[in-house]
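Student: Could you take me slowly through one part of this model and then show how that part sits within the rest? I am new to the structure and would like one connected account.

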Amino acid sequence: MEIQKTALYKYHKSLGAKFVSFAGYQMPVQYTSGIIEEHKLTRSNAGLFDVSHMGQLFIEGNHDLTKELEKIIPTDLKNIKINQSKYSFLTNEIGGIYDDLIVTKLEKGFNIILNAACKKNDYKIIEESLSNKFKLTLHKDLSLIALQGPKAVKILENIIKGVSLLKFMNGNNFSYEENKVYITRSGYTGEDGFEISLSNKIVERFVKILVSKGAQPIGLGARDTLRIEAGLCLYGHDINETTTPIEANLKWAISKRRREEGGFLGYNKIKSNINGKLSRLRVGIKPVGKIIAREGVRIFSQNENQIGSITSGTFGPSVNGSIAMGYVKYDFAKPGTKILLEVRGKKYEAIVNELPFYKKNYVR
Amino acid sequence: MDDVKFSKEHEWIKLEGDIATIGITKHATEMLGDIVFVELPEKDSTVEKDGNAGVVESTKAASDIFTPVAGQIVECNQSIVDDPSKINTDPENQAWFFKLKIKDKTEMNTLMSKEEYDKFTKENAS
């Protein structure tokens, strides 16, 4: 597979970024100040992320499209308002997750943000499910950047008037130097912030202005520590084709009407999960000491029976300690439950913890 | 650091009498990124040349620490266990990892001088 680059690749390079291959893209993992500093700057100031590797899929259509999409996306697309966004999934036959996504209702259809590693497969799944009745466009001409942190709103409002009026998980069309820009108030860090979709042709110029106003470029390394502190899932790690949204503790993302009416792939399994047949649950986990528990670390009960495994783990710079997420048998999912983690052959004490580890208020 | 030798695994080693102090190089910390956890060998344990002698973890990943010479561990640096970020700020002085009583001093001859090590890292830089 050919390595791909985003429109900002040269810009990242000019800043001294270290690169990593992620989902076939050369992406900045960190810049010169390092992951912890970048993480803290996002929490205290404003971080700027290039997430142009993610898929931006537009599907044109109205009522018929809504009906068809609801067969594979378990959120209430019928009642979603124009410019409103929802976090949801593409579910499969067994109630697992093909991908997690953000779907936004636009005047002429839906825009769906997909994970980079999944976007080609998602496109196929959606196209087949819609049986070629609708026009799909996976935008290659658009970049996607995220501006996150307490100072994001001030910096962006300075450049694009009106963005401060957006509510969390809502978007709108704006313009920048007569170019169309679509902005949503959303993100993946646990901070207030925006995701900005704009042409590849102007993205570098736009980003340079944000940086000149105080935004700090942030790499994928800090993006990962930020989202783990915020308790957010990374597809392919915390959720996958075998985990149901209910097991993943994401029931809130399935609208009430859809939970009751069903009519989407995997509903039988998900319904039985909701009605009490739940064998495991994704939980937050805090090791007692400094030990870092990464993906794959096995989780044991205090009498040393295996009860699950870790799906993400790192050092959380803002909570100043080791944090992790993983699946445990349902009986061990209550916050405060003492568990053991096996790291390099030794067992370490840990405690089931509420998610998120780090919480801030969003603008609603 | 004239009397200090270096390994291809990016450890430095300073020999005084038959006690060797071992740590990781600045170059190693730059490759690893922010270090958030360190595990050191147990005091009095014996370690083999090029054998495993601990672990460092950055925000990104875990990496093994090797000892470039064999011997018996006589002291570990508890201050880097308590505050692993010291390894990033002062890797070649205060943030040493452990001291060992060297078994065979001729093993020092297999290691690189400062000049050779700098050349080695430059050649291996991608």
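Tutor: A:His53 is buried, because 21 other C-beta atoms lie within 10 Å, and the count at which a residue is called buried is 20 or more. Please keep in mind throughout that this is a predicted model. If neighbours within four places in sequence are set aside, the residues in contact with A:His53 are A:Thr6, A:Phe22, A:Ala23, A:Tyr25, A:Met27 and A:Ala116.

Where the domains touch, 24 residues come from domain 1 of chain A and 21 residues from domain 2 of chain A. On the domain 1 side, H2, strand E5 (85-91) and H7 of chain A each supply at least two residues, and that side, sorted by class, has seven nonpolar, nine polar and eight charged residues.

Two of those elements also pack against each other. Helix H2 (residues 35-44) and helix H7 (residues 220-229) of chain A have axes 8 Å apart and meet at an angle of about 60°, which means that H2(A) is oblique to H7(A). The crossing of H2(A) and H7(A) is right-handed. For this contact, H2(A) provides A:Ile35, A:Glu38, A:His39 and A:Thr42, while H7(A) provides A:Gly221, A:Ala222, A:Thr225 and A:Leu226; by class, the residues of the contact of H2(A) with H7(A) are three nonpolar, four polar and one charged.

Finally, there is the contact between the chains, to which chain A gives 12 residues and chain B gives eight. Strand E4 (35-39) and strand E6 (52-58) of chain B each contribute at least two residues to the side of chain B that touches chain A, and this side of chain B is made up of three nonpolar, two polar and three charged residues.

Notes
Residues numbered from 1 in each chain as written. Chains lettered and ligands numbered in written order. Predicted model: local features only at pLDDT ≥ 70, side-chain atom pairs only at ≥ 80, totals over all residues. Contact = placed C-beta atoms within 7 Å. Helix = DSSP H or I, 4+ residues; strand = E, 2+ residues; numbered from the N terminus. Nonpolar A, V, L, I, M, F, W, Y, C, P; charged D, E, K, R; others polar. Buried ≥ 20, exposed ≤ 12 C-beta atoms within 10 Å, placed from the backbone. Axes fitted to C-alpha atoms, helices over the stretch in contact; angles between N-to-C directions. Parallel < 35°, antiparallel > 145°, perpendicular 65-115°, else oblique. Left-handed = near helix turned anticlockwise from the far one by under 90°.
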